[in-house]
Amino acid sequence: VRLGIFGGTFDPPHVGHLMLASDVYEALNLDRLVFVPAGQQPLKRHHAAAPPEARLQMVTELAGSDPRFTVDPTEINRGGLSYTVDTLRWYAEHHADAERFFLLGEDSLLQLESWREASQVVRLARLAVLTRSNGGEAMLDDDALQERIRRLGGAAALEAIRVTARRIDVSSTEVRARVRERKAIRGFVVDAVARYIEDSGLYR
Ligand code: ATP
């Protein structure tokens, strides 16, 4: 089984996340992609605008009944700061036979050294480093990427894989701003998420 693990704040989840999930699913030939909404992310200075339960609900709406996708509430259920290493450890224990890929943007890769137990992170799952199909050059060439992983994890580090995925010009920040400004968000998020935001009064 090939399992993709896609963490994020998802505040709110938008069509960029969905297209990314779809591209990665195909590029890595996954059997399942799991969205893992974070509690509070240690390296983000600001708290999420929406409460964890609301973000979890919206990610569930984003995934819908799509058989490719599931949603994992463990980081939110654990509460407090969310550390990737805890989540990857859980997957290593409960899905020991799966080939596990942890999705990571190239920008996040640059701060990997400052993550809790970074040496374990690169041993517990293969990093699937997202490279923009429409964003020009990769920041790190492949040799530099593997070198970085090995420096962190030593001989037990799992070789990273580069995944080309499109990046749509939309962000959670933009969606929140549009809601605040009473602009339409149809097309920026899936309809069920738009409805949730509307009904709950989030981001106003
Ligand atoms: P914010 O605007 O609040 O910083 P965001 O839109 O970047 O949020 P996150 O929940 O932080 O959303 O995203 C999780 C991951 O999804 C990011 O690390 C990034 O790799 C990816 N991602 C975010 N936006 C896009 C997009 N428009 N296209 C492709 N991938 C995206």
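In this predicted model, a polar backbone atom of Phe10 lies 2.9 Å from an oxygen atom of the ligand. This is a polar contact, defined as a pair of N or O atoms within 3.5 Å; within protein, one must be able to donate a hydrogen and the other to accept it, and residues adjacent in sequence count only if both atoms are side-chain atoms. The side chain of Thr173 places an N or O atom 2.5 Å from a ligand oxygen. For Lys44, a polar side-chain atom is 3.4 Å from an oxygen atom of the ligand. The ligand taken alone exposes 610 Å², and the protein buries 83% of that (Shrake-Rupley method, 1.4 Å probe).

The ligand is surrounded by 19 residues (a heavy atom within 4 Å). Phe10, Ile168, Val170, Ser172 and Thr173 are the closest. By class, the shell holds six nonpolar, nine polar and four charged residues. Nonpolar covers Ala, Val, Leu, Ile, Met, Phe, Trp, Tyr, Cys and Pro; charged covers Asp, Glu, Lys and Arg; the others, Gly among them, are polar.

Beyond neighbours within four places in sequence, Thr84 contacts Phe102, Trp115 and Val121 (heavy atoms within 4.5 Å).

Residues are numbered from 1 along each chain as its sequence is written, and side-chain values use heavy atoms, without hydrogens and water. Local features need pLDDT of at least 70 and side-chain atom pairs count only at pLDDT 80 or more, while totals for chains, interfaces and linings use all residues.
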